[in-house]
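Please keep the sequence and the model in view while reading.

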Amino acid sequence: MPLPPAYALVATDLDGTLLRHDDTVSPRTRAALGLAAAAGARHLVATGRPVPAVRELFAALGYRGLAVCGQGTQVYDAGAGRMIRAVVLDREAAAAALGKIEAQVGQVFAAVDQDGADGRTLIEPGYLMPHPALASQRASHRDELWAAPVIKVLIRHPELDDDELAAAAHAAVGDLATVTLSGPGTVELQPYGIDKGAGIALAAEHLGLDPATAIAFGDMPNDLPMFRSCGYGVAMANAHPLLRAEADEVTLSHQDDGVAVVLERVFG
């Protein structure tokens, strides 16, 4: 697909895309985002992380735009510190979905992201956080995961790899939840029909923009709905094969300023 002459929106995933391994944005990528802003494009973050896991990061990065968080379950105004929209996962449906998955693959270990700008990430015994730098609290029993409203459930399996677990979960849960694979060790369940594409559409509407005018950057299958909503999708060199196969373009890795390489070409 040829590049349109201009974009009104730059949508970027965080982990494995905009951020380097140490959760920083390189000076070159910052400068490239500045080029886009100077051309009138708005930057929109779209991440699987829930709002509580990005607020300090946004402050450190000086990011004050809109953010699609929690796989599309939350749209957050970082500058105003205000939640614009949040969708919760029915807890009975979530528990039923876990039961269906375990009936197919045996025991899984689960965690939840609670609703709200101050919601906690609770993990049951046996669950290992794939991103150890993200804060979590341990629950003593799975029942405790449902004590407060949640936006999504994270699951891990002691033997199946991520693709196998995601495929099994998708086959098992039906319309109880949407299943996503968002990173190493990160298979998630969120409200049915909610994904990054839906979040991008809502955020773009809030900004008065058409998602078709967006150029999107990502690295995992959870970014597929974002690519399908936006005008042009760019996969990182480190991206999952499914995303690379559907991307309009594959750039360098997140460690090698892949986002900047494209933005410099488009807006420079």
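The buried residues of helix 9 are Gly258, Val259, Ala260, Val262, Leu263, Val266 and Phe267; buried means under 20% relative accessible area, with a 1.4 Å probe and protein chains only. Helix 9 spans residues 258–267, and seven of its 10 residues are buried. Helices (H or I, at least four residues) and strands (E, at least two) are DSSP runs, numbered from the N terminus. The model is predicted: local features need pLDDT of at least 70 and side-chain atom pairs pLDDT 80 or more, while totals for chains, interfaces and linings use all residues. Residues are numbered from 1 along each chain as its sequence is written, and side-chain values use heavy atoms, without hydrogens and water.

The buried residues of helix 9 pack against several elements, including strand 1 (9–12), helix 2 (27–38) and strand 12 (214–218). Leaving aside neighbours within four places in sequence, Phe267 is in contact (heavy atoms within 4.5 Å) with Tyr7, Val10, Leu35, Ala36, Ala39 and Ala41.

The largest nonpolar core has 32 residues, and Val10, Leu263 and Phe267 are among those that touch the most other members. Such a core is a set of buried Ala, Val, Leu, Ile, Met, Phe, Trp, Tyr and Cys residues joined through side-chain atoms within 4.5 Å. Helix 9 supplies the largest share of this core, six residues. A second, separate core of 28 residues includes Ile101, Ala110, Val173 and Val179.

Elsewhere, Thr73 lies in the loop between strand 3 (66–69) and strand 4 (74–77). Thr73 is buried, with a relative accessible area of 0%, and its side chain reaches the backbone oxygen of Gly70 at 2.8 Å.

Key
Buried means under 20% relative accessible area, exposed over 50%, partly exposed in between (1.4 Å probe, protein chains only). A polar contact is a pair of N or O atoms within 3.5 Å; within protein, one must be able to donate a hydrogen and the other to accept it, and residues adjacent in sequence count only if both atoms are side-chain atoms.
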